[in-house]
Amino acid sequence: DSRRDPGALGPAAMIELRRLDYIPPELEALDFAIKLSPEKWGAWNDRGEWIIAWGIVPQSLLSDRAYLWSLGNVGVLCSHKRDLLRISRRVVGDFLTRYPVLFGTSRRTTCFLDHLGAVWGETDSAGFTQFEIRRR
């Protein structure tokens, strides 16, 4: 089961935001990251299709930095861009209240992360680019 945050999206949204208290089958590839994440969220559309999941893994117990991971269902993401960006700003903003610096690597969601304020660093040989999002 998952706990729902009914006020997270507002009445007009077609996307449901859920706290991930379990690992849905479509997210099994992220099993390790999900288990390490003290907080993780997922979004599903009104047809029950998984859209995206996000979570954070603190760098250490004493750090003010956390690794931000996300995995999106590319086939569904494009049809929900506007609502998804609004939701993502809220989720990432909430993460930034606890960790003023979020960092990670990305290959596919660069434009999405741009809208969340990501500053880009170097790209490695596998095509992953480092990013950082800071609390404003």
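I began with Arg 65, which is partly exposed at a relative accessible area of 23% (buried means under 20%, exposed over 50%, partly exposed in between, with a 1.4 Å probe and protein chains only). The model is predicted, so that local features need pLDDT of at least 70 and side-chain atom pairs pLDDT 80 or more, while totals for chains, interfaces and linings use all residues. Residues are numbered from 1 along each chain as its sequence is written, and side-chain values use heavy atoms, without hydrogens and water.

**Salt bridges**

I looked up the partner of Arg 65 and found Glu 132, in a salt bridge of 3.1 Å from N to O (a side-chain nitrogen of Lys or Arg within 4 Å of a carboxyl oxygen of Asp or Glu). This pair links strand E4 with strand E7, 67 residues apart (strands are DSSP runs of E, at least two residues, and helices runs of H or I, at least four, numbered from the N terminus). Glu 132 is partly exposed as well, at 22%, and also forms a salt bridge with Arg 134, at 2.9 Å.

I then noted that Glu 39 and Arg 98 form a salt bridge with N and O atoms 2.6 Å apart; Glu 39 is buried at 11%, whereas Arg 98 is partly exposed at 37%.

**Nonpolar core**

I looked next at the largest nonpolar core, which has 25 residues, Ile 52 and Trp 54 being among those with the most contacts inside it (a core is a set of buried Ala, Val, Leu, Ile, Met, Phe, Trp, Tyr and Cys residues joined through side-chain atoms within 4.5 Å). Helix H3 gives the most to this core, with seven residues.
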